[in-house]
Amino acid sequence: MAPPEHPNPAAPSENSQPPAPAAAKGKGKKKEEDDLSEEDLALKEQLELYVARAQDTDPGVQKLALQSMRQEIRSATSSMTSVPKPLKFLRPHYGTLKSYFETMPESELKKYMADILSVLALTMSVEGERESLKYRLLGSEGDIGSWGHEYVRNLAGEIAQEFQKRQDDDLPIDALMELVQQIVSFHMKHNAEPEAVDLLMEVEDLDLLVEHVDTTNYRRACLYLSSSSRYLPAPDDMLALDIAYTIYMKFGDLASALRIALQLDKPMQYVKQVFTTTDDFLLKKQFSYIIARHGLAFEIDDEIAADDNDKEILQEIVNNTKLSEGYLTLARDIEVMEPKSPEDIYKVHLIDGRGASSSLDSARQNLAATFVNAFVNAGFGQDKLMTAPSDSSSSGSSGNWLFKNKEHGKASAAASLGMILLWDTDSGLAQLDKYLHSNDTHVVAGALLGIGIVTCGVKNDCDPALAILMEYIGKDDSNIRIGAILGLGIAYAGSQKEELKMHLSAVLGDSQSPLEVLVFSAIALGLVFVGSCNEEIAQSIIFALMERSEAELAEPIIRLLPVALGLLYLGKQESVEATAEVSKTFDEKIGKYCDVTLMSLAYAGTGNVLKVQKLLGICSQHLEKGETHQGPAVLGIALIAMAEELGAEMAVRSLERLLQYGEQNIRRAVPLALGILCISNPKVNVMDTLSRLSHDADADVSMAAIISLGLIGAGTNNARIAGMLRNLSSYYYKEAAHLFCVRIAQGLVHLGKGLLTLSPYHSDRFLLSPMALGGLVTVLHACLDMKSTILGKYHYILYIIVLAMQPRMLLTVDEDLKPLPVPVRVGQAVDVVGQAGRPKTITGFQTHSTPVLLAAGERAELATEKYIPLTPVLEGFVILKKNPEYHEE
């Protein structure tokens, strides 16, 4: 049994009462020392001794003291959570050492002292003094990493400030740059690539990075560069991408280099460089698939493939001729080949009560059914209205359906055949041909538009669309002319074909052309030369705008002219400024509208915060009646902010504010802006807002909200949105215009039976396809005034949305480009930029066999080691090659 420790427990506490307050002065210090353990106390005394010795007159003693002090500090800088002990105890002596340092003669010892002061300054220097850096530059040239990470980090921060100051005062920066070299190489060796990149951006010398990356860390450095480029102002953003491109090329990661090349300003030369760097023909095929998905008009020449056969194979892939085949493979695999009728989409039997049994065969309802049918069966090549066999006695034969539509409705009906046979040029042109010989001008116009739609995004060396449509541009009937012109615009979007510039500019310059023909010629030119900054076309459109009479400027359709002008500068930022200056001189009816539209399109997809603020400023003004330029400003906010997730979320919040405080014409545009922000990506909060707005008292707001419900759910088959739309169809059963919008939205939600997407972003939301965005922008601007465009006689503008339609699939093919089913994991993409180690890139995945569908924000990775994909981003067509190191278990 243990003996009792204190026989009298009260005694010790009596004795340990502090003595009389006479000793109060020494008490504070004494108390502090009591808190320290014995070893800490010893350390403290030891360090105080070193400080005294360091000021000794004998250099030998000094040196010894400084070395010991250095040893203590170095061995203690390991803990991250608290200030290291030696630094804590040396705090009171910092001033003493500093003043002594000033009196020291120049010598090795003085540099030694400077090193120590530099580390002490880490915790003690005053904010903004940059003392750590000052002493570092005075100190010896030793290895900085040995003082620990925290010290290097602190130095990097001070260098950035010092660099700014020296730049402003025109002082030399060589000494700083030597230090930067050391810090960057330290960071790159210690997995801190983002910090190295940040430092180099601050000192404006990103080129240094190329020397310091190696095979272990180049991917992470490039990932950080390419994702930070979205937040950098121009021209730094392009510079960051350029360095990433150089690094990828250095390490032979060509597929990644190609993705960066497509993002750069003048992609052609970079893309060619990627192609010519490799001799691997398989890789070249994969590159061709990536280019085809991006929609770049690219010519395969002898440098890329010397052999004619090879050249043809690559050009075929670039021309997208395989798209239809791949899409149908996916459809068969998912078993959705069965054609659907509009009734299957409306699901009237699920709606109880009124509006369920409207058996009226009205022209507008038939027109709506035409669009629904076209959207739902897009690309499948068969449906129940237009392509149904006509020999049967049923009333579903195509001839009959065509004539269930009135005048301009027939145009849309004929064009819908183009949408159903999307991407399948051979059978598409064959089936549309019969309508070209019709006596009804509307049918001919529709067939011409249909020819444009069929060949959308699919190029062909013998240009059948060009050959057919060119004959009709100069016809007398303006409907036929519009059909042909719009058809050309859709078929050759982004191709920058010179002959089209010649012919369509002639139409623009012709003073006899009716206004609508002029407008559509401008739109077609804008789509064909999207993002090309072509001065001549800009001039033609500007002249066309200037020569319009007062009456013409009051027409709603005129507002598509500024859109056409903006398309030429889509995403090209500053290049638009000269044109924007000219637009300020226009008639005040259109001048402001033009100015805002140009700005919002030139910065579309750039995430430029300053421009968003400027547009929000425009939206905050209260205007007199008749001003219309706030609509495009609201759309502009969404177009600019859609570049990255953060900006998009903030934009959604800003748009909520506009709904509460904005004028009526702003509120009408907000739903459309939400629609483009979350296109084909039905976020719940946006869905709820739109659902609320779809019952708004203002008819324009509610119609825009209904169309936008279709846009955010486009191609997702989202059950919740489908349910909302069914309820809306019974709510608005007496309102023809609203019901038409509900039908269009229903068609969009079931776009391609849920296999298509309208999102202009692809390749992990990294690349923005200018054609797709151009098509969406045109349709949205037309929707700003629905009554006169989509609900009027220009409903075929809706077909321009075909430019953004792409299969949301992952189709793996073998080396002969035949489909090859392999297991893949599909899950929510995780942002792993700048994270340590090798984090998982997807979460909550399921394993499927290809081909598979990818929803918004999803990413796929191979679930087998047997094959190696030729591109890091699994989307669209991916070529797999056998892994030579794989052995069957």
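This is a predicted model: local features need pLDDT of at least 70, side-chain atom pairs count only at pLDDT 80 or more; totals for chains, interfaces and linings use all residues.
Five bridges join strand β6 (residues 823-829) to β9 in the antiparallel sense, and arginine 825 stands opposite glutamate 861 in β9.

Attention now turns to the aromatic rings. The count of aromatic pairs comes to 16, with ring centres within 6.5 Å as the criterion. In one of them, tyrosine 245 and tyrosine 270 have ring centres 4.9 Å apart and planes at 85 degrees; this angle is over 60, so the pair is edge-to-face. Tyrosine 245 belongs to helix α14 (residues 236-250) and tyrosine 270 to helix α16 (residues 267-277), so the pair ties together parts that are 25 residues apart in sequence. Both tyrosine 245 and tyrosine 270 are buried.

A tilted pair is formed by phenylalanine 371 and tyrosine 799, with 5.0 Å from centre to centre and 35 degrees between the planes. Since phenylalanine 371 lies in helix α21 (residues 363-376) and tyrosine 799 in the loop between α43 (770-783) and β4 (806-807), this pair ties together parts 428 residues apart in sequence. Phenylalanine 371 is buried at 0% relative accessibility, and tyrosine 799 is buried with a relative accessible area of 0%. Ring pairs link Phe371, Phe375, Phe740 and Tyr799 into a cluster.

Lysine side chains also lie over ring faces: lysine 434 over tyrosine 435, at 5.1 Å from the ring centre, and lysine 753 over phenylalanine 380, at 3.8 Å from the ring centre.

Technical notes: Residues are numbered from 1 along each chain as its sequence is written. Side-chain values use heavy atoms; hydrogens and water are left out. Two strands pair if DSSP finds at least two bridges between them. Helices (H or I, at least four residues) and strands (E, at least two) are DSSP runs, numbered from the N terminus. Rings of Phe, Tyr and Trp (its six-membered ring) pair if their centres lie within 6.5 Å; planes under 30 degrees apart count as stacked, over 60 as edge-to-face and the rest as tilted. Buried means under 20% relative accessible area, exposed over 50%, partly exposed in between (1.4 Å probe, protein chains only). A charge sits over a ring if NZ of Lys or CZ of Arg is within 6 Å of the ring centre and within 35 degrees of the ring normal.
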